[in-house]
Amino acid sequence: MSRNDNQERRGRPPEPVSVEVLAPGHTFATVTDKISSIVLTRRTPLYWLVGLGFALLLVMVLLTAITYLMGMGVGIYGVKIPVGWGFDIVNFVWWIGIGHAGTLISAILLLLRQQWRTSINRFAEAMTLFAVACAGMFPLLHMGRPWLFYWLLPYPNSMQVWPQFRSPLVWDVFAVSTYGTVSLIFWYVGLMPDVATLRDKAQSKTAKVIYGIMALGWRGSSRHWHRYETAYLLLAGLATPLVVSVHTVVSFDFTIGLPAGWHTTIFPPYFVAGAIYSGFAMVLTLAIPIRAFYGLEDFITHKHLENSAKILLATGLIVTYGYAMEAFMAWYSGDKFEWYMTSWRATGGYRLQYWLLILCNVVSVQFLWFKRLRRNVPFLFVISFIINLGMWMERYVIVVTSLSRDFVPSAWRPYSATIWDYATLIGTIGFFFVCFFLFLRLLPMIAIFEMRELVAKAEGGKR
Amino acid sequence: MNDETQVIPVDLDRLQSRALLVGIAGLAACAIAAVSNHQQFLRSYLAGFLFWLAIAVGCLALLMLYHLVGGSWGFVIQRILEAGSRTLPLLALLLVPILFGLRVLYIWARPEDVAANTILQHKNIYLNIPFFLARMVLYFGLWVALAMLYNRWSRQHDGSGDGSWIDRAERLAAPGLIIYAVTISFAAVDLIMSLEPVWFSTAFGLMVICGQGVATFSFVIIMLSLASGRKPLAGFVTEQHFHDLGNLLLAFVMLWTYIAFAQFLIIWAGNLPDEISWYVTRLSGGWRIWALALLIFHFVVPFFLLLMRDIKKKAPRIVGVAGLLLVAHWAEMVWLVEPSFPPDRFHIHWMDVAAPIGIGGIWISLFVSQLKKRALLPLRHPKLAGVWEPAEET
């Protein structure tokens with residue numbers, strides 16, 4: 001394979017494939033058949049239909065909530081001054097954080113020559129795209145008049161409206177849309193050789209035509225592969241800074257403001273770490289059921305799960321460092337507002353959410369120090385769920401507590417979400433899963449040709 | 001595999017003795033000047049101390065990072081990192097002049113100033129001389145202990161070839177790195193941030209950690225190139241090792257810039273008196289040019305140079321970039337320390353240069369003597385199985 005050649009040209013022998021990232025006994029044909037059959041030949045499984053149906057029901061909830069929002073305005077949400085950012089921003093940050101694992105796996109792990117990225121990159125990238133789509137909905141809905149969203153863009157117009165470029169909210173528009181675009185291109189470029197495989201193997205005429213169009217004329221010539229490898233590597237390089245930039249800009253949404261608990265310099269790195277944390281948690285939440293339902297234990301092995309767990313532990317510890325440093329500096333600063341906010345979070349009206357976040361994000365992840373637990377699949381599934389919850393709580397605590405108690409006690413108001421807040425959140429979860437179920441059914445969820453490369457390397461290693 | 005372009009012939013023995021001479025001369029000059037200008041000596045000395053501390057502790061941290069994640073980049077520099085970590089007791093010794101000058105350097109250590117300032121009274125529970133001394137003992141105790149363990153295990157592995165010593169090193173790596181991150185963050189608060197005790201920034205510890213990564217990788221690249229003419233490194237070190245190290249250096253350059261810029265942007269946008277005052281002094285007058293030079297030579301120039309594969313692969317070129325970054329790192333230490341002191345305008349003293357050179361001479365002399373004590377590669381490591389016979393050890 002050409003990436004292999006590339007490495008040899010650089011004077012590096014191809015790394016032998018550890019048996020742990022691919023079960024032994026696979027050939028080019030078995031790998032191709034096993035992955036493509038899920039799309040092309042196997043019967044649509046019942047649990048897929050049930051899952052899709054349930055997710056569609058949740059989408060109905062989302063549509064209802066949006067329709068009601070259009071009619072009534074943002075007053076249906078719990079946001080009331082001073083808490084002008086409620087669930088919408090919490091959910092936005094949560095979803096966009098989840099969307100970080102895909103690009104990290106695809107781009108950074110590719111550049112770091114990590115073999116274990118191969119079988120999880122495709123669906124992690126898909127997960128990223130759908131999560132970004134969910135995230136993007138919230139700021140739009142939160143505007144109250146989503147049809148005017150284009151006012152955020154700098155374009156010449158007769159209204160004398162121009163975005164305020166000193167506002168991080170405007171940076172967000174660019175950061176998120178760039179991220180969404182590059183992730184989509186990256187995903188699609190990586191998909192092309194596999195879509196061509198599906199085109200060649202498809203039995204039905206319609207499938208042939210659709211996959212044929214999507215493959216953009218891919219024939220697998222060596223020139224195609226050469227261009228492909230170059231493009232993919234360049235895209236990986238381009239996508240890498242985006243992994244950091246998006247959540248950095250999201251953290252600026254808070255830090256550029258002044259409320260106690262928001263304005264702190266550690267937010268950018270610790271938001272990025274938190275995003276990767278939640279992203280990998282979601283990867284595990286999805287990968288564990290998928291490998292069980294579709295019998296993909298040969299491809300998504302214990303090694304993948306264990307490495308993901310290690311990344312969870314590492315990023316979880318960085319997040320913990322962030323919490324600790326924030327608390328210490330709140331005291332050290334001698335700023336009474338900072339210190340009040342820190343102690344109030346732990347003891348005030350939102351202490352339940354606060355301690356839940358500590359329990360989920362700081363305490364629970366410590367179990368992953370133990371190799372036995374990192375290899376315990378049901379345990380990993382549970383812990384990934386807990387971390388997803390914890391990261392949502394973190395954003396809730398950050399957004400709500402700082403706003404509901406700012407500098408003037410007479411302006412203090414508590415916040416509570418309404419049923420429409422919850423409906424929108426649950427609805428986007430449904431939307432995410434609808435997209436994901438369709439992806440599982442219609443596209444190869446594991447990169448077929450990259451798995452074939454692994455097979456080739458594994459055989460090379462044996463010789 | 002031998003690649004002649006990687007070798008910069010240097011006589012390590014001569015380097016050792018000359019460095020010692022330069023070190024003694026530099027420190028002696030500073031000591032004489034210290035009689036008349038005690039405060040200036042201490043602040044120059046602090047900046048120089050921080051510079052070399054970054055490399056010594058950085059060696060320990062990279063050693064643990066290597067044992068945690070592995071990789072051939074760390075294999076070739078393992079002995080350099082170990083020798084660097086063995087210099088930590090010297091740094092504990094070099095800290096003593098600072099400890100005797102706490103009242104001169106730190107406003108919180110002067111009771112009359114504390115009595116006049118409510119914020120200092122608030123911080124007095126943390127920023128007071130006994131607790132400060134206790135923390136320093138704790139930090140250096142932990143660092144020296146970690147360094148001793150790693151060096152002992154490595155020596156035992158050299159002796160017996162028993163892989164269980166490597167396992168131990170790998171098991172301690174993650175907890176060791178946590179200890180490093182926490183202690184360095186607080187040491188940064190104690191030694192640097194508390195020079196201006198009103199100022200605070202939660203990202204400061206991370207910025208210092210990333211700066212240490214830049215300094216240590218730069219130093220290691222230079223040392224690897226100097227030592228690569230010797231056996232057993234000669235013939236083993238290839239372009240690819242320099243390429244990998246150059247990439248890691250690039251990564252740390254970017255991380256440092258990222259944290260430093262994010263910290264600046266947030267404080268600039270907030271524009272709160274307690275926070276912005278730190279930058280106001282550091283960004284006015286000559287310090288503004290100094291800061292601009294930091295931006296250019298700690299980021300822009302090395303960033304673009306390190307993007308180029310040809311530069312990373314050829315030892316003389318990457319050594320040049322690494323040298324530039326070490327100078328930039330020194331400039332950063334001066335920029336962090338000096339503006340905390342009067343006069344408010346730009347000022348630089350000859351001791352700002354002499355003190356780091358003096359400390360560095362002694363440090364490098366010790367480092368080289370430590371480096372020479374052991375084979376430059378862990379010869380019994382499974383990676384080298386069959387490549388060298390133990391008899392070939394020199």
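Trainee: In which loop does A:L216 lie?

Mentor: This is a predicted model, in which local features need pLDDT of at least 70, side-chain atom pairs count only at pLDDT 80 or more, and totals for chains, interfaces and linings use all residues, while side-chain values use heavy atoms, with hydrogens and water left out. Residues are numbered from 1 along each chain as its sequence is written, chains are lettered from A and ligands numbered from 1 in the order in which they are written. Helices (H or I, at least four residues) and strands (E, at least two) are DSSP runs numbered from the N terminus. On that numbering, A:L216 is placed in the loop between helix 8 (205-214) and helix 9 (222-255) of chain A.

Trainee: What is phi of A:L216, and is the residue buried or exposed?

Mentor: Most residues other than glycine have a negative phi. A:L216 is not a glycine, yet its phi is positive, near 50°. Accessibility is classed as buried under 20% relative accessible area, exposed over 50% and partly exposed in between (1.4 Å probe, protein chains only). With a relative accessibility of 59%, A:L216 is exposed.

Trainee: Which loop holds A:Q160, and what is the relative accessible area of the residue?

Mentor: A:Q160, also not a glycine, has a positive phi of about 60°. Its loop runs between helix 6 (121-142) and helix 7 (168-201) of chain A. A:Q160 is exposed, and its relative accessible area is 75%.

Trainee: Which peptide bond of chain B is cis, with omega about -5°?

Mentor: Most peptide bonds are trans. In chain A, the bond from A:I81 to A:P82 is cis, with omega near 10°, and A:P82 sits in the loop between helix 3 (46-72) and helix 4 (87-98). In chain B, B:P343 is in the loop between helix 16 (315-337) and helix 17 (350-373). The cis bond there joins B:P342 and B:P343.

Trainee: Which backbone oxygen does the side chain of B:N128 reach at 2.7 Å?

Mentor: B:N128 lies in the loop between helix 8 and helix 9 (129-160) of chain B and, at 19% relative accessibility, is buried. A polar atom of its side chain lies 3.1 Å from the backbone oxygen of B:I125. At 2.7 Å, the side chain of B:N128 reaches the backbone oxygen of B:N124.

Trainee: How much area is buried between chain B and chain A, and which three residues supply 25% of the share of chain B?

Mentor: The contact (heavy atoms within 4.5 Å) takes 38 residues from chain B and 29 residues from chain A. Buried area is the accessible area (1.4 Å probe) that two parts lose on being put together, summed over both; here it is about 2900 Å², 72% of it from carbon and sulfur atoms. The three residues that supply 25% of the area chain B buries, more than any other three, are B:T202, B:Y258 and B:I266.

Trainee: How many salt bridges are counted between chain B and chain A?

Mentor: A salt bridge requires a side-chain nitrogen of Lys or Arg within 4 Å of a carboxyl oxygen of Asp or Glu. By that criterion, the count between chain B and chain A is zero.

Notes
A polar contact is a pair of N or O atoms within 3.5 Å; within protein, one must be able to donate a hydrogen and the other to accept it, and residues adjacent in sequence count only if both atoms are side-chain atoms.
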